Amino acid sequence: METAVLDRLHTEEFLVNMGPQHPATHGVLRLILKMDGEQVISVTPDIGFLHRNFEKICENRTYPQIMPYTDRLDYVAAMTNNWAYARTVEALMKVEVPKRAEYLRVIFGELQRIASHLVFWGCMGGDTGAVSPFLYGLRERERILDLFEMTCGARLTVNYYRIGGVSKDLPAGFHEKAKAFVKYFKPKLKEYAELLSGNVIFQKRMKGIGNLSQNAALALAVSGPVLRGSGIRWDLRKDEPYSVYPELQFEVPVGERGDAWDRYLVRFKEMEQSLQIVEQALDQIPPGDLLAKIPKVLRPPKGEVYVRTECPRGELGFYLVSDGSTKPYRIKCRSSCFVHVSALPEMLDHKGHLIADAVVTLGSIDIVLGEVDR
Amino acid sequence: MWPYISGIIKGFWSLLVGMKITVPYLGRRAITIQYPKQKMEMFEAFRGRLALARDRETNKEKCTGCQLCAKACPSACITVTQRKDEEGKRRSEVFEIGMSLCCYCGLCVEACPEDAIVWVRDYEYSVYDRKQLLVDKPTLEAIWRNSLSQFKKEEFNEKVA
Amino acid sequence: MIANLVGRIYAFLLGLLIRWGLPRPVFDFGAMIVAGFVVAIFIALVVLYLIWMERKVSAHIQQRFGPMWTGWHGWLQTIADAVKLLMKEDLTPTNVDKAVFLTAPFVVFVPSIMAYLVIPFSATWIVRDLNIGILYIFAITTLVVIAILMGGWSSNNKYSLLGGMRTAAQIISYEVPLVLSILGVVMLSGTLSMNGIVQAQGKWPWQWYWLPQILGFLIYVTAATAEVNRTPFDLPEGESELVAGFNTEYSGMKFAMFFLAEFANMFLVAAIATTLFLGGWQPFTGLLGFICFMIKSMAVVWLLMVFRWTYPRLRVDQLMDFGWKILVPLSFVNLFATSLIMVLRK
Amino acid sequence: MTKEDILARLKNQFAGTFEVQDIPPGTETTVKLSPGKAREIAEYLRDDSYLRFEVPLCASGVDYPPENKIEVVYHLFSLAHRHYITLKYYANRANPVVPSMTPVWAGFNWHEREIFDLLGVKFEGHPDLRRILLPEDWLAVYPLRKDFAYETYVPMPPK
């Protein structure tokens, strides 16, 4: 078309409300997209639809009672949330957790990481339009949830970790079942790499989308696979090792360009690494106590502490202020997803991305709205 | 020119590889179950439904009404009051659980010193009326008794098999 | 056998009515209407079966059962769903362009029914063997885009509008490779009549045009997938970005119409593929030929379904890139190679 | 850098504008800033090549009604040097206005919005101080303040 005609044609930008009810927002997130035709000019996330003020609830609960509420923060990775909270209170009380409990924590934490990344992997397929990977991902996740269920009785809201240890020992037959899963899952990972990662359409959809530079990643304090996708090798399990991670062999995969494809690959490789960790931990787990010796009624000393833990989606930090009573004076939950959503405009604004790319970018930061809104 | 052609061939090949993975599934068995017809066997540890257990031999109440469960409950959905029975032992008078508030965390079961409040592996407990979610003591004990008969059936089946 | 029967009934009725003084053109017109109805009912049945098949294929690819309860392995499920959709409240959102909004679901059905009239289901089972059959089909099927555009535009919804616009762009660009890819077949057979093309292909699979026209066949399948808006080219209704695309605002029976039309079109492109590349009703005639034709068409449909449950979706610009930069040049290559070989052979 | 080194470096530059707090269990350096020089100290912490606190981890607000103050706490981390620091400043409960740290660390943007929303602290110089978690028609009560009572929340009447 001649430019003269284009000039005469009246066009205008328009707003698209993506969400709160939209198939691709992974929950009740609302993105206000300013669009020029199919192109996204800017994005304004609107959150809070799932807000229940977790922090205020915690101020009215005793320390052990808060544990079930942490399940519901990031409900796709409840185990690691439990862990993050337990670690925070333990840091305040200076509790030494028994070795066996630490191993159990690592096993379930890493299984949870695989389960969570499987959901991500499936949703990524779903976001790009391939539905079957979603079902495959959930199928494998079911096996992990079976392991959770036979140990602690629940699949999603596990409430398994306790301050100073874990609540239950491994049931009979767990070792065999977990080993069988590891054996079953390894070839599956290869299959999935062929099915989705190798697919030319999928690669085209993911590469070069939603770039986040290293500087921006640091300035916005993103964490976990998003940070590593931007090429920064930072993993709390390696760099500030807690629990028994120093005794286990694993690598920290990083990306190069910081686009959706890198974030996807980082998560995919993390699944392999987590599988390795689970395998080692299952072999090395010593016998021993499950709970440290802690008083029945918990009264952590006066003080405050900020502890962060590497969860599947990034670092979950708890800022805990104690006034010496049985209830925390203040808990601030610094959720990684909250930060990642705030980084969304940085990834999308004015880059000429299309609406489909917005969906892919949102999928690639893998948010859970339970944790964003708290 | 060559990258263009090789790109087409590689892309085409990757699509064939994708088909190679999905098509064989057509011949495999489904892994899901037909729920109301088939039912899942739950694990021993499954946190299904709360119940109030009695002593198996003497059929006496285990609960002493100590209210530890009520104190442990994060959502404060358990109401317990205490009384003394004919023998002068402490028993619970009222024992109510508001299942609409319950978050199935199991802290009450862990807190109970008498193992009176227990998990039952039942998972079909939807009701038609919200009022029915306030479960009182006789119902809680009935749930436990029902679960016992279920156990017996399973044991019987095992013996037959 | 059946064709014979139909022929006898036709002759009998013709004799009877002419004797009663009915003018011949009126009778022909009536016969056409009856044939049209037969085709429409046939389409409805095929579509019902296809929806069930899609559910089963998707379920088994994902290791599920799919519908199991309504009838044997759920084969009545589609009918149950259709009844449910019929009984639903017929919603018309406020601020829609009412006339356009209400007609769009019916307009979408017209082209597919019209196109079926020239499909040779068996040697003699064809409503009208036009001598420009292919041309007619491709002229008619393009009209689907108008219905989708109507639905997308009139819904007064940004997602619908984007979906409708995408369809327009997509169908127009994929029409080019689609037509180019079948030109090779037309050149080989030397006719535009659908039945003529089937007859020009030999009796056996190695004589059918898929072999000499393998590139054309692949291009046709790809472009046809795009024509009927199925994954990986289902952008107009790409559920992860556009909710449901052009039919976001449609519900109840109006939605069902769009849904059924999608499957009718899918069977149509499969039937065309069968006619042009897979030898149509060959190697049998009559009822056996019809069964042959159906099996081949279903195989093509099955392929489209496997595509859908395996692949992610392309992005809008990639879709255009793929259409214009890969499919169109390739179909020209195919056309050129075909003509070259034909010239050399002479 | 150890805790002492960080403090020594800060004292060198900004003696008198902050005070060091020793809070158990004492894993992090905690510094209480006075609002006057807060922004300069923040920029120094970010830019100084020995400190390089480039990662804004977390910002939270804590309400202390008896002392009539709201504490705003910033947790910072340096990826280059692997050390932590906690910055605090106190706002008056009646009129809590503090300088915003968002111009220095972009990552605090949403955290400060959250504090504004839930505790009612106003951040001066924040580019986009809007509601974030609570609904738009929420009254001016701040749920994370200690005097917030559940009774102030009126639920929808059951049908």
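Two residues are in contact if their C-beta atoms, placed from the backbone, lie within 7 Å. The exercises below apply this definition to a predicted model.

**Exercise 1.** Determine how many residues of chain B are in contact with chain A, and which helix of chain B gives the most to that side.

*Solution.* Step one: apply the contact criterion to the two chains; 22 residues of chain B are in contact with 24 residues of chain A. Helix 1 (2-22) and helix 3 (107-111) of chain B each supply at least two residues, and helix 1 gives the most, with 8 residues.

**Exercise 2.** Describe the side of chain A that touches chain D.

*Solution.* Step one: count the contacts; 30 residues of chain A meet 25 residues of chain D. Step two: identify the contributing elements. Those supplying at least two residues each include helix 4 (78-93), strand 7 (314-322) and helix 13 (336-342) of chain A. Strand 6 of chain A gives the most, with 4 residues. Step three: divide the residues of this side by class into 15 nonpolar, 6 polar and 9 charged.

**Exercise 3.** Locate the largest nonpolar core and examine Phe277(C).

*Solution.* Step one: the largest nonpolar core has 252 residues, and Phe267(C), Ala273(C) and Phe277(C) have the most contacts inside it. Step two: helix 12 (residues 252-277) of chain C contributes the largest share of this core, 16 residues. Step three: leaving out residues up to four places away in sequence, the residues that Phe277(C) touches include Val185(C), Trp208(C) and Tyr220(C).

Note on methods
Residues numbered from 1 in each chain as written. Chains lettered and ligands numbered in written order. Predicted model: local features only at pLDDT ≥ 70, side-chain atom pairs only at ≥ 80, totals over all residues. Core = buried A, V, L, I, M, F, W, Y, C linked by C-beta atoms within 7 Å. Buried ≥ 20, exposed ≤ 12 C-beta atoms within 10 Å, placed from the backbone. Nonpolar A, V, L, I, M, F, W, Y, C, P; charged D, E, K, R; others polar.
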